[in-house]
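Good morning, and thank you for coming. I shall take you through one structure, moving from single residues to the contact between chains. Please look at the display first.

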Amino acid sequence: MDLSVINPILLVAALMSAATPILLAATGELVVERAGVLNLGVEGMMIVGAICGFAIAVETGSPLTGFVAAAVGGAVLSLLFAFLTQVTLANQVASGLALTLFGLGLSALLGQGYVGVKPPRISDIGFGPLADIPVIGPILFSHDPILYFGIFLVAGVWAVLKFTRVGLILRAVGENHDAAHALGYKVVRIRTLAIMFGGACAGMGGAYISLIRVPQWTEGMTAGVGWIALALVVFASWKPWRVLLGAYLFGGITQLQLNLQGAGVAIPVEYLAMSPYVITIVVLVVLSADKSAAPGSLGRTFHASH
Amino acid sequence: MIQLEKRPQPSRLFAYLTPLLAVLATFFFGGLLFAALGKDPVTSIMTIFWEPLFGEFSFYYRPQLLIKGAPLVLIAIGLSLGFKAGIWNIGAEGQYVMGALFGAGVGLAFYPAESVFIFPAMVLAGAFGGWAWAMIPAILKVKFGTNEILVSLMLVYVAEQFLASMSLGLLKNPEGFGFPGSRNLQQYASAHNAEIFAGSGMHWGVVAAMIAVIFAYVLLARHRLGFAVRVTGEAPRAARFSGVNPSRLILFCLGTSGLLAGLAGLFEVAGPAGQVSIDFNVGYGFTAIIVAFLGRLHPVGIVLAGLLMALTYIGGDIAQSQLGLPAAAIQVFQGMLLFFLLALDLLTNYRLRFGRAEAA
């Protein structure tokens with residue numbers, strides 16, 4: 001065992017990258033839940049985004065086009081969930097699970113021709129000399145554009161929810177859909193848009209895994225990241241900045257665990273690999289005492305005639 | 001414009017009809033999917049649903065129906081109790097794995113001793129493993145109000161890592177030339193979950209599934225606890241007034257479903273699978289969720305749904321070898337079934353009104 005091979009600066013830089021898929025998916029899910037909908041299909045939307053992004057990036061040779069395709073793929077898949085829960089008024093828990101099971105199968109089907117293919121790489125943003133600053137350079141100025149997009153997304157969602165009319169309406173729909181309906185807001189339409197936004201974010205999060213984190217396609221490669229993203233929304237008490245904090249925490253654990261594996265720590269690899277899931281459970285337990293932050297209508301079915 | 005009007009009472013007719021309609025819709029759209037993959041849709045559907053039952057080699061495939069169906073029914077029965085009461089155990093896959101590990105561990109500990117007590121001990125250990133694993137989300141929910149969906153799911157990934165660690169380490173076959181995986185329990189008479197009648201597919205897991213179905217039926221129809229389950233799902237507040245203890249109900253529902261999933265894992269690892277290996281689990285825990293819903297959370301419905309889902313597995317394998325249909329297509333097919341079921345469920349609780357709504 002040689003812990004000195006772990007470079008703290010590179011660790012921090014890498015954890016930001018490890019956190020980005022969770023961050024994107026969790027930010028999307030946060031918006032969905034603030035609109036009062038519980039979509040458990042994040043894992044399914046992520047894996048479909050992962051293969052859509054991967055396939056389009058390989059076919060067009062452009063990773064950025066891949067990310068756009070991933071967002072579209074995730075949003076289209078989320079429309080199935082929106083149809084089930086908003087139009088046919090199906091149970092949200094069951095529909096989310098259905099979306100995940102379906103997404104896992106669909107992605108495996110779509111990805112058949114892409115096993116073992118190398119995707120085009122996305123280059124880091126050139127900050128020129130800034131990237132050469134010691135310590136700060138590698139941490140702040142040496143990443144791919146999607147990572148920065150993730151951080152801007154958090155800031156954007158925070159600002160929209162806090163300061164704009166759109167944010168106010170969205171929160172109203174989430175807190176009390178009957179009251180929002182009485183005020184004349186189109187609950188179903190607003191929720192459908194929120195679900196699509198969540199799908200797009202989850203899709204991009206998935207593509208970040210297949211195009212940047214792992215750069216390859218394997219079946220089921222999201223391996224529970226979507227579920228961790230769901231847990232993260234609870235962890236963050238439905239607040240955007242806390243999502244960022246939580247994602248970095250989990251990214252840190254994931255990265256540290258990988259580094260410890262690399263350093264040959266005496267703990268078996270399997271036990272290190274289960275640590276992000278175990279720690280997610282511990283965090284959920286610690287934070288579950290406070291449920292006051294949850295949107296009032298979360299998970300409840302809305303129908304105008306009730 | 002189509003309007004929805006809530007029925008005063010859920011329609012009994014549609015409650016029975018929707019699973020059939022969902023199957024038909026899945027046939028249709030599944031056929032389209034197969035056509036999109038360049039296969040003849042009619043042949044594909046026939047291969048999946050007709051060949052295993054009435055085809056040339058059906059004598060071989062029919063017993064498979066019980067072998068694949070039993071774990072699905074066993075797990076789905078447990079899940080349905082919780083789902084009915086609004087307690088979501090999504091981690092049956094993990095409980096299934098832990099049941100298999102505990103049960104196989106006990107069996108392998110006695111190797112090579114032969115005794116009639118070994119198999120029953122394994123069954124108990126398997127049930128305990130699944131139960132204990134399900135108790136983690138249950139106790140966390142009761143004590144801290146932690147979300148059982150997320151915790152039970154996280155535990156699936158933890159259990160899979162345990163499985164990998166066990167099949168590479170503690171339970172690895174010392175005579176296995178370094179390959180991962182345990183000794184083959186099929187070659188260890190006292191631990192083997194053999195067929196009760198040779199060639200019938202009938203093993204102890206099938207018997208356990210039958211007992212579970214009867215037990216669940218009696219529980220729901222006749223017992224106070226079954227009443228508590230039903231009333232909690234339909235009206236949680238009313239349940240409290242009628243004296244239902246929610247904590248005990250959570251422990252009971254999660255515990256029972258974990259126990260049954262653990263049993264399913266043990267019967268699988270000691271029988272059809274034969275050994276603990278990294279990939280012995282085949283996603284029964286997740287497919288059982290579809291089975292539970294497709295069976296309308298009703299014990300008899302679950303038996304039918306379990307057999308249907310087993311049929312898609314077997315038929316899918318045949319279609320894979322005969323038509324080159326990708327394995328993932330069957331998974332999509334199963335997912336579709338759940339979608340249609342959930343969507344069509346609308347008809348049970350609502351009435352469709354065609355024409356314009358009266359001015360609001």
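Let us begin with W158(A), which is partly exposed at 31% relative accessibility. Please keep in mind that this is a predicted model. The ring of W158(A) pairs with that of F163(A): their centres are 5.5 Å apart and their planes stand at 85°, so the pair is edge-to-face.

How many aromatic pairs does a search of the whole structure find over all chains? The search returns 24 aromatic pairs. The rings of F83(B) and F293(B) have centres 5.3 Å apart, and because their planes meet at 20°, the pair is stacked. Here the cut-off is a plane angle under 30 degrees. Where do these two residues lie? F83(B) belongs to helix α4 of chain B, residues 58-84, and F293(B) to helix α12 of chain B. They are 210 residues apart, and the pair thus links distant parts of the chain. Both residues are buried: F83(B) has a relative accessible area of 5%, and F293(B) has 12% relative accessibility. Chain B also holds an aromatic cluster, formed by F27(B), F34(B), F49(B) and F333(B).

I turn now to charged side chains. Over all chains, the search of the whole structure gives two salt bridges. One joins the side chains of K141(B) and E148(B), at 3.1 Å from N to O.

Another salt bridge brings together the side chains of R296(B) and D345(B), with an N to O distance of 2.7 Å. R296(B) sits in the loop between α12 (284-294) and α13 (299-323) of chain B, and D345(B) in the loop between α14 (327-344) and α15 (346-349), so this pair ties together parts that are 49 residues apart in sequence. R296(B) is partly exposed at 25% relative accessible area, and D345(B) is partly exposed at 21%.

T85(A) is located in helix α3 of that chain. Why does T85(A) count as buried? Its relative accessibility is 2%, and buried means under 20%. The side chain of T85(A) makes a polar contact of 3.2 Å with the side chain of Q86(A). Beyond its neighbours within four places in sequence, T85(A) touches A90(A), Q92(A), S95(A), I195(A) and T301(A).

Finally, we come to the contact between the chains. Chain A contributes 46 residues and chain B 41 residues. Together they bury about 3600 Å², of which 81% is on carbon and sulfur atoms. Between the two chains there are zero salt bridges, and two residue pairs are in polar contact. On the side of chain A that touches chain B, the elements giving two or more residues are α3 (63-87), α4 (92-110), α10 (225-235), α12 (269-273) and α13 (275-287). Which element supplies the largest share of that side? The answer is α4(A), with 13 residues. Sorted by class, this side of chain A has 33 nonpolar, 10 polar and three charged residues.

Thank you for your attention.

Definitions and conventions
Residues numbered from 1 in each chain as written. Chains lettered and ligands numbered in written order. Predicted model: local features only at pLDDT ≥ 70, side-chain atom pairs only at ≥ 80, totals over all residues. Heavy atoms only, no water. Contact = heavy atoms within 4.5 Å. Buried area = accessible area lost by both parts, 1.4 Å probe. Salt bridge = Lys/Arg side-chain N within 4 Å of Asp/Glu carboxyl O. Polar contact = N/O pair within 3.5 Å; in protein donor to acceptor, adjacent residues only side chain to side chain. Helix = DSSP H or I, 4+ residues; strand = E, 2+ residues; numbered from the N terminus. Nonpolar A, V, L, I, M, F, W, Y, C, P; charged D, E, K, R; others polar. Buried < 20%, exposed > 50% of the residue type's maximum accessible area, 1.4 Å probe, protein only. Phe/Tyr/Trp six-rings, centres within 6.5 Å; stacked < 30°, edge-to-face > 60°.
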